[in-house]
Amino acid sequence: MQRTDVNTLGEFGLIEHLTKAFPLRNPSSLKGVGDDAAVIENGDFCTVVSTDMLVEGIHFDLAYTPLKHLGYKSVVVNLSDIYAMNALPKQITVSIAISNRYSVEALDELYTGIRAACEYYGVDLVGGDTTSSPKGMVISITAIGQGQKERLTYRSGARVGDLICITGDLGAAYLGLQLLEREKRIWQETPDVQPNFENQQYTITRQLKPEARFDVIEAFHRVDVKPTAMIDISDGLASEIFHICKQSGVGALIEENGVPIHPETELLALKFKLDPITCALSGGEDYELLFTIRPEDAEKIKFLPEIYIAGEILDASQGVKLSTKGGNLHDLKAQGWKHF
Ligand code: ADP
Ligand code: MG
C-alpha cells in the first residue's frame, strides 16, 4: 500500500483531502468545513460553531506560559473565530487530556484563566471532557455562538473593488514568541540569569494574553456596516488574505504602508534581524480581524477607532500582490504555520 507523508499536502491540503467526500445532508447545515466556524440554521437565528485544539510542545510551552494565561488564551482564540463570522459567542465546552504531572492546583490555575475569559466575553462554560494523556497536556475548546442569518460574514463574500481592512497592528505576538523562546534558551544555559523583558511588555502581552475583537463586531452593528468577507488573523495576514481570495474567487493588493505595526514590534524585529513587514505578513496569533467592505461603506467606518485600510480586492487574474513602501510590487506568499 502507498504511504503518503502528510507534509506533502500541508495543513489545508490535508483538511481538504479528508473532508471532500462529506456532502452536507441537512438543509440546516448552512456552512460546513472551510470557514472560521460552521453555521447551523436554527429558526430566526443561526448557531455558529468553532473548535480548536492546543497541544503542549506544539502550541504552548509551559516553560514561559503561565497556566492562567494559557486558559485565557485557549478560550480567546476560539471566540475570535465566532466574531470573525460577525456572530456573538454564547457558550464554550472545554476538554482536557492531562498527564499525572499536573496537580489540582495547576489545573485550578488553568481554569482561573478560562473563567476570566468567560467573564470578560460573557460566555458560559457548559461542558467538556476530562481524560488522561501519556505525556503533556492537550486542550480542546469548542465555542458556540449566535448570529442573524443575513448578518453572518463568510470568507467567500469579497468582491472586486472592496477595501481590505485590518483591526489592529500585526506581528507583535510573533515577536513576543521569539523573545520568550530566546529567554528560555538563555535560561536553560545559565539558570541564574533573570530574563529581561524591559520595554518589551507589548509584544509579550500580545503573545501571552491576546484578546478577541468583539468591540469591532459591536461597532459594525452600531454603524450598520456588514463586511462582505471576514476572517480572523491567526496564521498571519498573508495566509488569511489567501483564504479570502481563494474562497471569493478574487485577487488582492496589499499596501505595505497600510499594514499597522506597533513601534515596539518594529524595534524588536530589527533586533532579531527580521523584516517587520514579514513578521506582520507571516507571523501568527495576532487575532485581529481581516475584513473587506464595499467602498461606499468607507465613510461609515472612517471614524471607528483602530480600523486600518490596507488594500483593495482585485480581479482574480491579478493575483495577490504586495506593494512595498519603496514602490515595488511583489507576489505575496502565504506561509502561515507549518504544523507537521
Ligand atoms: P481556523 O484557523 O479559523 O481555526 P482551521 O484552519 O483550523 O480554521 O480550519 C479550517 C476549516 O477546516 C474549518 O472549517 C474547520 O472546522 C475545518 N477542519 C479542520 N480540521 C478538520 C478535520 N480534521 N475534520 C473536519 N474539518 C476540519
Ligand atoms: Mg479563524
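Biologist: Hi! Which residues surround ligand 1?
Modeller: Hello! In this predicted model, ligand 1 is surrounded by Glu11, Phe12, Ile15, Thr19, Val33, Gly34, Asp35, Asp36, Asp52, Asp81, Arg155 and Ser234.

Biologist: Thanks. What does a polar side-chain atom of Asp81 lie 3.0 Å from?
Modeller: That atom of Asp81 lies 3.0 Å from an oxygen atom of ligand 1. Arg155 also has a side-chain N or O atom 3.3 Å from a ligand 1 oxygen. With Asp35 the polar atom belongs to the backbone, and an oxygen of ligand 1 is 3.2 Å from it.

Biologist: On to the metal. Which residues coordinate the magnesium ion (ligand 2)?
Modeller: Asp36, Asp81 and Asp232 do, each through OD, at 2.0 to 2.1 Å. Asp36 and Asp81 are also among the residues around ligand 1.

Biologist: How are those donor residues spaced in sequence?
Modeller: The pattern is D-x44-D-x150-D. Asp36 and Asp232 link distant parts of the chain, being 196 residues apart. Asp36 is in the loop between β1 (29–31) and β2 (38–42), while Asp232 belongs to strand β8 (residues 229–232).

Biologist: Is Asp36 buried or exposed?
Modeller: Asp36 is buried, because its relative accessible area of 6% is under the 20% cut-off. Asp232 counts as buried too, at 2% relative accessibility.

Biologist: New topic: the largest nonpolar core. Which residues touch the most other members?
Modeller: Those are Val48, Leu79, Ile92, Leu110, Met137 and Ile139, out of 51 residues in that core. Helix α2 (residues 67–83) gives the largest share, 8 residues.

Biologist: And where does this core lie?
Modeller: Domain 1 (6–151) and domain 2 (155–331) both contribute residues, so the core lies between them.

Biologist: What does Leu79 touch, not counting residues up to four places away in sequence?
Modeller: Leu79 touches Pro89, Ile92, Tyr121, Val123, Ala143 and Ala212. There is also a second, separate core of 25 residues, including Leu237, Leu290, Ala310 and Ile313.

Biologist: One last residue. Where is the place of Thr153?
Modeller: Thr153 sits in the loop between β6 (137–148) and β7 (163–166). This residue is buried, with a relative accessible area of 1%.

Biologist: What does the side chain of Thr153 reach at 3.2 Å?
Modeller: The Thr153 side chain reaches the backbone oxygen of Ala84. Leaving aside neighbours within four places in sequence, Thr153 is in contact with Ala84, Met85, Asn86, Lys226, Pro227 and Met230.

How values were computed. Residues numbered from 1 in each chain as written. Chains lettered and ligands numbered in written order. Predicted model: local features only at pLDDT ≥ 70, side-chain atom pairs only at ≥ 80, totals over all residues. Heavy atoms only, no water. Core = buried A, V, L, I, M, F, W, Y, C linked by side-chain atoms within 4.5 Å. Buried < 20%, exposed > 50% of the residue type's maximum accessible area, 1.4 Å probe, protein only. Helix = DSSP H or I, 4+ residues; strand = E, 2+ residues; numbered from the N terminus. Domains from an automatic or database assignment. Contact = heavy atoms within 4.5 Å. Donors = N, O, S within 2.8 Å, 3.2 Å for Na, K, Ca; no water. Near = heavy atom within 4 Å. Polar contact = N/O pair within 3.5 Å; in protein donor to acceptor, adjacent residues only side chain to side chain.
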